[in-house]
Structure formats: C-alpha cells, structure tokens
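This report describes the fold of one protein chain and the surroundings of its ligands. Please keep the model open while reading.

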Amino acid sequence: MKITYQIDKFAVNFFRKQFYKRTIENKSVRLPKFIAWDCTRRCNLHCEHCGASKESYESELTTDEIKKIINDISKIKRCFFGATGGEPFLRNDLLEVLSYAKSKGLGTGFASNGFLISKEKAEEIKKSKVDSIQISLDGLEETHNKIRNNPKSFFSAIEAIKNLQEIKVPILSVATTLTPNNFDELEEIHNLLAGLGIKKWRIVIIMPIGRAEDSKNLQLNPDQLKSLFSFVRNNNHKKMYIYIGENLPFLGEYEESVRDEPALCPVGITACCIGVNGNVRGCPEQPDIPELIEGNIKEDSILNIWQKGFKKYRLNEAVYTDKKCINCKDRNNCYGGCWVMRIGGTNCIYDLLNKEFCNQATDVFFSRCRI
Ligand code: SF4
Ligand code: SF4
C-alpha cells in the first residue's frame, strides 16, 4: 500500500464530499483549476479513432469572444487554460489567445498532432510562454501514418518534438491512444520516446465517440489491458513518467500498483470545457448534447455556469442511477467511471478486464447518443 497514494485518496474523497454537501445545501463551490478550450473541430489529419469528429460546427468563437471569457477565467487564482481540438493550430489566433491568457496570469497549454510545428512556429510558441505542450504519437512510422491517414504525420510529429526541444520549450509530454492496431509496439514506442528524451507519456485507451463510436475492434481485450498495466508497473519512472489517461479513472486491483495518485474524473469538481460554439460541458471528449451542456458562455459567464451547473457530477449521479454501481464495493474509489466511456458501456474496469464489454449505453442518460 502506497502511503502517499492513500493520503491523496483521502484528500480527493474529502474534497468530493464537500462538493456534494455544498451542492445539496445550494451553496457555492470552489472554482475550477483547469478549463479546456475545445477551440476547433477542423483537423489536417483523419485519424481512425478521432473523437473530435463527433460533431462539426459552422462557426467558432471569435478571438474577441474567447478573450472576453479569459478575462472572466483570470478571476480564478492559479487556473490552467488548455486548448485542444481538432488541431488547435488550424486557428491562426491560437498563440495570440494563449499569450493573452498568459498575460492575464493563467497557466496555458495545448494538445497538437505536431503537423504544423515547424522551426518558425516553435519559436513563436516559445515567445507565447506556453506552460505545457502535448504531442500525439500513436506508433512507429508505418503504424502512426496508417492510423493518422497521412504518410507525413509521423515525420511531422517527431520534427515538432525536436523543434521544440532544440529551443528548450518546457514541459513536453507525448500522448498515445492504444488500440489493438498499435498495442504490439508499446515497448518500441517507449524506447523511441526515451531516445527523444521525453519525460512524460500519457497512454489512453479508445473512447466510444466520433469515428470510434462503434469501437469494438479498437478496444483492448482483457489480456492486452492486463499486460498494459504490467508494462506501466514495470517501467514507470525508469525512463519517464508513464500514466494511464483519465478515461480509466479506476483500475480495480491494479490501481495502486500502476498509478502514483488517484485519477478520478475531474468534471464539475476541478475541471470543465468551453466548446467550439461556446457551449460549456465537462470535458472535450464529451459529446455536445443537451444532457451534457451546462450553459453557453454567450448567455452567461463561465463562473456563473460553474456554480449553477455540473450538479450531476457533484451529486455522483453516475453511481446512483446505475444499478451496478450503486451496489459496487468500489463505488467510492471509482464514482462510476468515465462519463464518455459510459456511452459505449465501457466505463467499468471489471467488465473491461473480465469479459467482452457490452457496447451499449449503460443508462438512460446516454441512450440518445447512440440513436
Ligand atoms: S460497477 Fe460502477 S462504481 Fe463499480 S467499478 Fe464498475 S463503474 Fe466503477
Ligand atoms: S468524462 Fe471521462 S474523459 Fe472526460 S474528464 Fe471525465 S474521465 Fe476524463
């Protein structure tokens, strides 16, 4: 048993209980620490597992609109503002917006496929003083190019990493979406990233959204999942910090041996997301559907939406509306799993580890997602 893990777990549960209590009492809650900006759905690649392809939009927030929102967000102490997409660099104003956020005292970052990060762009990124950059890499050259449907995508991602490293742009992490199509390259990707000097590697499994909505053939089977956990347990912190992304908020019996700290879903507790059209929802991966929209920043301020919305997360509705979760011994370790994975019936670690996932929405909340 890791003592630091247990202390963190105690703190997280205490924090969640406070949110629950204050929501029941209709009192205000602490402001978010992480706000994602789902800035565009346009992309220059066409990945087989793309979750961002779940919706398309005719227009996006303008530079002035997002700057106005940043003015509001900057009232929160020590808040992080991170851009994701689509490919964020298809917005010409990305660095202008991130620089503005930085000038207002926010931490800033973005997640990118790296395709447009030339040497010149890397210099501009450095000037914007961005705090955190994540580049996606899904395999060795042939596999990555196949998954991303572009023969230059691997070369571009590696060049982006090198261009940023050369001029010492800090805190670079790499994200890999692991499916049966790249699972056998896990070790080789690890070696590749170590050779590049990467210090943080984020591994996620497929989410049942966008092009991966019918994701049965892209989901790891129980044996692959178990060997992923063994791999992380055996390699974590040797060459780099390896962490399993938060769409698996609870890993069952593997949890403490694989993770440094708890990774519960942060939606409505510490995090939320501003969508392409200004709709506010939990995270970029969640579909933009009425059940998950908490407000729109063109009609109300982000701070008001945070206080008035997100009740289902704070009241742990996923647990209390799911027969299976309410009777589960781990409900206070897991809180019902990831809300996005729930859409495809892949939210429960015990199902993922022991049998075929049911691939059906597990409660009425999401039944419309699969219509
Ligand atoms: S039954 Fe629900 S609470 Fe229990 S592990 Fe599965 S998803 Fe989590
Ligand atoms: S809903 Fe899922 S993907 Fe979104 S923040 Fe929560 S755990 Fe992560």
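In which sense do strand β2 and β3 pair, and over how many bridges? Strand β2 (residues 80-84) pairs with β3 in the parallel sense, over four bridges.

## Basis of the model

The model is predicted: local features need pLDDT of at least 70, side-chain atom pairs count only at pLDDT 80 or more, and totals for chains, interfaces and linings use all residues. Residues are numbered from 1 along each chain as its sequence is written, while chains are lettered from A and ligands numbered from 1 in the order in which they are written.

## Overall build

The protein chain contains 16 helices and 10 strands. These elements are DSSP runs numbered from the N terminus (helices: H or I, at least four residues; strands: E, at least two). The C-alpha trace spans about 55 × 50 × 45 Å along its principal axes.

Of the 371 residues, 43% are buried. A residue is buried if 20 or more other C-beta atoms lie within 10 Å of its own, exposed if 12 or fewer, and partly exposed in between, with C-beta atoms placed from the backbone. Among contacts between residues at least 6 apart in sequence, 70% join residues at least 24 apart; two residues are in contact if their C-beta atoms, placed from the backbone, lie within 7 Å.

## Parallel strands

Strand β3 (residues 107-112) is mostly covered, with five of its six residues buried. Between β2 and β3 the chain passes through helix α3 (residues 94-103), and this β-α-β crossover is right-handed. Right-handed means that, with the strands pointing away from the viewer, the path from the first strand over the helix to the second runs clockwise. Alanine 83 stands opposite phenylalanine 110 in β3.

β3 also pairs in the parallel sense with strand β4 (residues 132-136), over four bridges. Two strands pair if DSSP finds at least two bridges between them. Alanine 111 has glutamine 134 in β4 as its bridge partner. The chain goes from β3 to β4 through helix α4 (residues 119-127), again in a right-handed β-α-β crossover.

Further along, four bridges join strand β6 (residues 200-205) to β7, and the two run parallel. Lysine 200 is bridged to tyrosine 241 in β7. Strand β7 (residues 241-244) has Ile242 and Ile244 on a covered face and Tyr241 and Tyr243 on an uncovered one.

## Leucine 172

Leucine 172 lies in strand β5 (residues 172-178). It counts as partly exposed because it has 18 C-beta neighbours inside 10 Å. Not counting residues up to four places away in sequence, leucine 172 touches Ile133, Ile161, Leu164, Gln165 and Ile198. Its C-alpha atom is separated by 9.0 Å from that of aspartate 131, 41 residues apart along the chain.

## Ligand surroundings

A residue is near a ligand if its C-beta atom, placed from the backbone, lies within 6 Å of it. Around ligand 1 there are 14 residues, of which Cys325, Cys328, Cys334, Gly337 and Cys348 come nearest. Helices α13 (323-326), α14 (331-334) and α16 (349-354) each supply at least two residues of this shell. By class, the shell has eight nonpolar, three polar and three charged residues. Ala, Val, Leu, Ile, Met, Phe, Trp, Tyr, Cys and Pro count as nonpolar, Asp, Glu, Lys and Arg as charged, and the others, Gly among them, as polar.

Ligand 2 is surrounded by 13 residues, and the closest are Glu246, Cys265, Cys283, Cys338 and Trp339. The shell around ligand 2 has eight nonpolar, three polar and two charged residues.
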